[in-house]
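Below are some notes on the strand pairing in this model. Please read them with the structure open.

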Amino acid sequence: MKSNLISKSETASLLKTVSEKWNMEFPKIKNLKVHQILDDAQIITGDGIKILKVNEDYLPFLSETKMLERFPSVMVDMGAVKFMCKGANVMRPGIKKFTEFEKDQLVCIIEESQHKFLAVGKAMVPSSELEKMEKGEVIKNIHYISDKFWETGKTIYD
């Protein structure tokens with residue numbers, strides 16, 4: 001795995017992109033480091049921030065609880081947990097509670113007993129449709145506990 005610091009201008013543009021995609025502000029961060037973990041995946045780390053970039057998607061890393069709490073979320077029942085941790089998408093029957101979100105927005109998946117973050121995915125439908133839905137895929141699972149990014153991320157410390 002290759003790791004390198006990125007320039008101030010790259011850092012500024014990256015943070016601008018992420019804050020626009022996530023619809024939230026970031027404090028100025030210096031010394032952002034990019035860890036190339038696969039051809040199409042990087043983990044970006046800095047002071048109080050850990051971002052996973054897969055293809056063109058920027059995701060909050062699952063260990064960053066404070067950051068994850070700022071995103072919309074769905075709570076899944078315990079029956080869905082083992083499937084989520086193998087990368088399955090979130091299906092409507094498994095969802096117990098949810099906050100508002102739009103189609104294509106990043107959504108965090110939380111399990112109902114310990115309220116732990118299990119995964120981050122992209123909404124395939126807006127939350128406004130969930131009331132009428134009885135079955136079907138709701139969130140595409142992109143980053144989950146125990147995936148290859150999670151395992152690699154545990155070895156990266158600034």
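1. Strands S4 (residues 49-54) and S5 (residues 57-60) run antiparallel and are joined by four bridges. Strands here are DSSP runs of E with at least two residues, numbered from the N terminus, and two strands count as paired if DSSP finds at least two bridges between them. Within this pair, Ile51 lies opposite Pro60 of S5.

2. The model is a predicted one: local features need pLDDT of at least 70, side-chain atom pairs count only at pLDDT 80 or more, and totals for chains, interfaces and linings use all residues. Residues are numbered from 1 along each chain as its sequence is written, and side-chain values use heavy atoms, with hydrogens and water left out.

3. S4 and S5 make a hairpin with two residues between them. Asn55, in the turn, has a positive phi of about 55 degrees.

4. Six strands form an open sheet with mixed pairing, in the order S7-S11-S10-S9-S6-S8. S7 (90-91) and S8 (95-98) are the edge strands; each has a single partner strand, so one side of each lacks a neighbour in the sheet.

5. Strand S6 (residues 73-76) contains Ser73. S6 pairs with S9 (residues 106-111) in the parallel sense, over four bridges. In this pairing Val76 is opposite Glu111 of S9.

6. Is Ser73 buried or exposed? Ser73 is buried, at a relative accessible area of 14% (buried is under 20%, exposed over 50%, partly exposed in between; 1.4 Å probe, protein chains only). Leaving aside neighbours within four places in sequence, Ser73 contacts Phe98, Thr99, Val107, Cys108 and Ile110, where contact means heavy atoms within 4.5 Å.
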